[in-house]
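Colleague: Could you take a close look at the ring contacts in this one, and then walk me through what else you'd check? Keep the cut-offs in, please.

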Amino acid sequence: MNGTILNIQRFCTDDGPGIRTTVFLKGCPLHCVWCHNPESQAKRCEIMFDTQKCIECGSCSAVCSQKCHSFDANHTFKRDTCIGCGACAEACPTKALTLYGKRISVCEAYNEVKRDKVFYKTSGGGVTISGGEPLFQPDFTAELLKMCKENGIHTAIETSGFADEKSLFSVIEHCDLVLFDIKETDEELHKRYTGVPLKPILKNLQLINERGIPFIVRAPIIPSLNDRESHFSALKGIRASMSFCQGIQIMPYHKIGSYKYELLNREYGCDGVMEPSKETMEHWNKLISYGI
Amino acid sequence: MLSNEVYSFFMDRGEYYGAGYYEEPHKSQFERFSRALRRYFENYSLPEYKGEPLYPCGSKWRTALVNPDFSFTVAVDWRRLAEQSQDVRSVLGNDFNLYVSRVPSVHTVGGNMYTHSYPNFKRIVYEGFDSYEKRIEKISDSEVRNGLLDLMVGIRCFHSRILQVLKDAGAVESELYKALAKVPFSPAETLYEALVCWNFVYYLDGCDDIGRMDADLIPLYKGEDMTEVFRCFFKNVDVNNGWSGTLGPDYNPLTVQCLKACKGIRRPSLELRVKPDMPKEVWDAAIEAIHAGGGSPSLYNEVGYQETLARLFPDIPAEDRINCAGGGCTETMLAGISNVGSLDAGINTAFIFWNVMRRSLVSSADFDDFYSAFIDEYSHQAKNVMDSISESQRIRAKFNPQPMRTLLVDDCIDRGKDFNNGGARYYWSVVNLAGMINVIDSMIAIKRLVFDTKNMTAEELLKRLDSGERIGNSVVPHHGVDSDEVNEMAARLSNDLCAVFEEKTPYMGGKFLPSSIQFTTYLEAGIGVGATPDGRLAGEALCDSIGAINGNDVKGVTALLNSAASLCQSKMAGTPVLNLKLNSSMLPTTLPALVQGYFEQGGMQMQVTCVSKEELLDAEKHPEKYPNLIVRIGGYSEYFSRLSPEHRRSVIERTCY
């Protein structure tokens with residue numbers, strides 16, 4: 001069983017309790033306008049191209065089987081014919097080309113995760129499958145979680161919750177904890193900002209609660225987009241109505257990943273949005289009042 | 001020049017230690033140095049009393065030319081002496097260089113027959129020096145007996161002069177005066193009296209290591225908060241560039257008081273012995289102290305150390321082993337009852353590797369052939385170093401007694417022997433291994449590039465190293481990323497480096513204990529070492545601890561700890577120091593778990609610097625703004641502003657999680 005991942009990161013302390021290893025999967029059905037990891041959205045392996053670093057040496061075109069790289073006026077990269085093999089990235093002397101995504105088996109992923117088992121034990125930590133969207137590769141996610149659980153490792157996923165029921169149940173049966181993102185509580189705005197409807201997400205959250213799986217709501221708050229009082233009230237309503245909700249964690253907007261859109265030749269949807277001040281974040285935390 | 005001329009020379013200049021040595025030149029070395037100490041303490045320049053809870057306070061007295069030295073018996077400013085009198089310099093050169101270390105200079109990384117120690121503070125506190133004098137009178141060796149009795153005269157005079165200073169300052173009714181009227185000659189009966197005694201003995205010893213204060217003082221504890229008195233004592237340690245002290249493993253309220261007292265103070269370098277069930281209260285105090293800066297306490301695997309010492313020294317009973325402590329930077333010794341070379345030598349393994357690489361790589365048939373060539377040469381040089389240590393010990397035993405340590409460390413009085421000549425209950429020798437991580441990374445690079453993938457020939461590797469190219473930087477895994485291949489190499493190499501120490505016994509007995517304690521010497525140790533295929537250019541610094549070379553630990557702190565744990569640390573019980581820099585926000589939530597996880601895997605020691613990178617970068621540009629910024633370096637704490645620019649950069653580049 002193979003999956004496509006972005007990265008396996010050790011010593012994570014913000015993706016669940018204790019010291020954790022987070023497996024970031026590639027691919028997400030949502031396309032949130034504020035997403036700071038746009039390279040995580042496409043399921044396929046893809047190249048990020050930093051034109052500032054390019055010295056137009058031509059090493060990439062020499063190894064590209066799909067003829068994606070041409071040098072007429074300047075270096076042009078044809079993204080739609082790229083198969084994501086990574087040969088150009090390996091050949092590039094300046095790292096102007098970087099491959100994001102790699103195929104990995106469940107066993108390979110588990111072998112990396114298990115290395116920190118002693119620290120999971122001493123800290124109450126474990127493994128978190130994140131992304132991207134772990135439910136977008138349900139078979140891989142379920143297998144990996146199952147293997148971890150069988151070996152005594154605490155399991156968690158960080159999910160948008162957008163998936164069919166079958167995929168959801170196949171994964172959550174192996175979860176000790178779910179970190180559940182709620183991007184927006186207004187149906188229309190949810191569709192506009194993320195590209196998908198809200199209703200199935202809330203339904204899945206209800207199913208998780210009915211299954212008795214503890215979860216934490218993670219709420220990205222973006223100034224001028226979803227920082228309304230009604231949104232905070234709706235989040236609190238979710239908390240009040242679901243007994244297995246352990247709390248709400250605000251994820252304040254930041255611009256850290258915005259530069260990546262240019263490297264992917266994409267437009268950033270939050271140009272002009274300002275990062276919240278410390279006082280604003282304190283205000284949000286007061287509004288939410290059921291924070292972690 | 002005659003002895004009485006030398007005597008007059010020193011007397012005229014107020015150099016009482018030097019003069020004392022020449023008072024009765026026909027006497028034995030022990031008696032002469034005892035007399036020197038006596039005159040030193042009889043004329044000790046005492047500072048003004050300013051109302052502190054302890055006295056003496058502040059810098060210990062030092063004259064310009066000749067002073068007692070707790071490591072080498074005597075320290076001489078040879079240059080200044082030569083400026084004043086070449087004749088006297090010549091005489092002293094003949095007399096004081098009877099003992100000279102025989103350790104090859106290339107293998108003195110971090111140490112050259114240094115000796116740190118812990119006086120038996122506890123015994124003096126609970127028995128008093130009057131009882132010591134009775135035991136001295138029973139010594140059959142007249143030289144040692146006479147010398148110690150002479151020294152006691154000097155100590156009593158010192159004590160009387162201290163009382164006079166307090167009297168002159170109008171402090172006769174103070175608790176300090178009342179305490180000093182009793183201690184250190186009678187047993188202490190209160191915690192405060194014990195601390196006053198402890199401080200006094202610390203100054204007698206020349207301000208080295210501070211003992212096991214929480215463990216030894218708790219019987220006198222009756223609920224007092226002595227944090228401020230501890231802090232006063234720690235400031236005395238700091239101003240005198242003193243060294244280490246140990247806390248635990250039976251935690252008590254004084255453990256917490258000491259941790260509170262050390263916050264933000266550079267020295268002593270406190271060592272907290274961590275057990276799996278260490279109470280939260282102690283963890284909280286430790287984390288708060290680390291957070292405050294200064295690098296104290298460092299953290300020690302109590303179970304690991306006790307098991308290792310029991311295995312290495314099966315004849316040492318548990319009641320002695322419990323006194324396990326790191327002296328100096330952090331050389332493993334037994335407080336109050338041992339004489340441990342700390343450090344006796346520091347073998348530059350990177351230097352040996354570089355020479356073998358140049359000599360043998362081209363002709364090596366395969367990797368194991370090359371590896372064996374390195375181990376053979378290393379073993380040969382290590383044995384030479386061990387022989388030189390033994391020879392140095394033999395000569396020192398004859399010519400460089402330590403009367404003060406003979407008085408203060410057991411079992412010298414009862415055996416009637418000098419500290420350097422068989423008096424201490426236990427002896428062993430700690431030897432540093434410098435450059436071990438550089439060798440591990442270099443071996444991996446050579447194995448992969450030259451022998452496995454054959455990416456380059458041996459000749460090409462050497463040529464590219466000579467041309468100034470960094471080899472091995474990005475194409476091979478390094479120590480610190482938790483790679484199975486590198487971890488196996490680390491285990492193999494560290495085991496082989498340590499194995500040779502089991503083949504010889506030091507002249508004074510015990511064992512040779514390998515360690516990895518670099519403190520500031522990792523910079524200079526690289527100067528004479530050419531380019532190595534761990535990504536290092538010629539002359540660049542060696543690795544500063546058993547962690548990764550700066551910048552190589554790219555997979556996070558748990559990967560680093562797993563890598564460090566792959567070394568055979570129980571064989572490096574002299575202490576294998578691991579430097580770790582943690583972001584201050586992560587400390588409370590992760591440090592206990594990281595420490596416990598590391599220790600469970602065999603990790604022995606960890607020292608944490610907690611400071612933000614922004615703070616360090618600013619301090620690098622404006623050191624004058626941060627006079628109190630303290631960082632932890634290879635076993636001890638130092639003010640960041642006092643480091644050389646190269647050291648400051650090195651500390652900053654040490655990865656911060």
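This is a predicted model: local features need pLDDT of at least 70, side-chain atom pairs count only at pLDDT 80 or more; totals for chains, interfaces and linings use all residues.

Modeller: Start with the charge over a ring: B:Arg267 lies over the face of B:Trp243, 4.8 Å from the ring centre.

Residues are numbered from 1 along each chain as its sequence is written, chains are lettered from A and ligands numbered from 1 in the order written, and side-chain values use heavy atoms, with hydrogens and water left out.

Now ring on ring. Over all chains, the structure holds 37 aromatic pairs. Rings of Phe, Tyr and Trp (its six-membered ring) pair if their centres lie within 6.5 Å; planes under 30 degrees apart are stacked, over 60 edge-to-face, and the rest tilted. Take B:Tyr16 and B:Trp61: with centres 6.4 Å apart and planes at 35°, the pair is tilted. The two sit 45 residues apart, B:Tyr16 in helix 2 (residues 16-21) of chain B and B:Trp61 in the loop between helix 3 (29-42) and strand 1 (66-69). Helices (H or I, at least four residues) and strands (E, at least two) are DSSP runs, numbered from the N terminus.

How do those two count for burial? B:Tyr16 has 22% relative accessibility, so it is partly exposed, while B:Trp61 is at 14% and counts as buried. (Buried is under 20% relative accessible area, exposed over 50%, partly exposed in between; 1.4 Å probe, protein chains only.) For a stacked example, go to B:Phe313 and B:Trp428, with centres 4.5 Å apart and planes at 20°. This pair also links distant parts of the chain, 115 residues apart: B:Phe313 is in the loop between helix 15 (302-312) and helix 16 (318-321), B:Trp428 in strand 9 of chain B. Both B:Phe313 and B:Trp428 are buried. Back at B:Tyr16 and B:Trp61, the rings belong to one aromatic cluster together with B:Tyr17, B:Tyr40, B:Phe41, B:Tyr44, B:Phe158 and B:Phe200.

The buried residues of helix 24 are B:Val486, B:Asn487, B:Met489, B:Ala490, B:Leu493, B:Ser494, B:Leu497 and B:Cys498. Seen down the axis, they fall within an arc of 160°, so they line one face of the helix; the arc is that of the directions from the helix axis to the C-beta atoms. An α-helix has 3.6 residues a turn, so residues three or four places apart point the same way.

Most residues other than glycine have a negative phi, and most peptide bonds are trans. Two cis bonds to look at: B:Val183 to B:Pro184, omega about 5°, and B:Gly248 to B:Pro249, omega also about 5°. B:Pro184 is in the loop between helix 9 (175-180) and helix 10 (191-205), B:Pro249 in the loop between strand 3 (244-247) and helix 13 (253-261). As for positive phi, B:Thr73 is near 75°; it is in strand 2 (residues 73-76) of chain B and buried, with a relative accessible area of 2%. A:Lys67 is near 55°, in the loop between helix 1 (59-63) and strand 4 (69-71) of chain A, and exposed at 62%.

Last, the interface. Twelve residues of chain A are in contact (heavy atoms within 4.5 Å) with 19 residues of chain B. The area buried between the chains is about 1300 Å², with 59% from carbon and sulfur atoms; that is the accessible area (1.4 Å probe) that two parts lose on being put together, summed over both. A:Phe11, A:Arg115 and A:Phe119 supply 48% of what chain A buries against chain B, more than any other three residues.

Methods:
A charge sits over a ring if NZ of Lys or CZ of Arg is within 6 Å of the ring centre and within 35 degrees of the ring normal.
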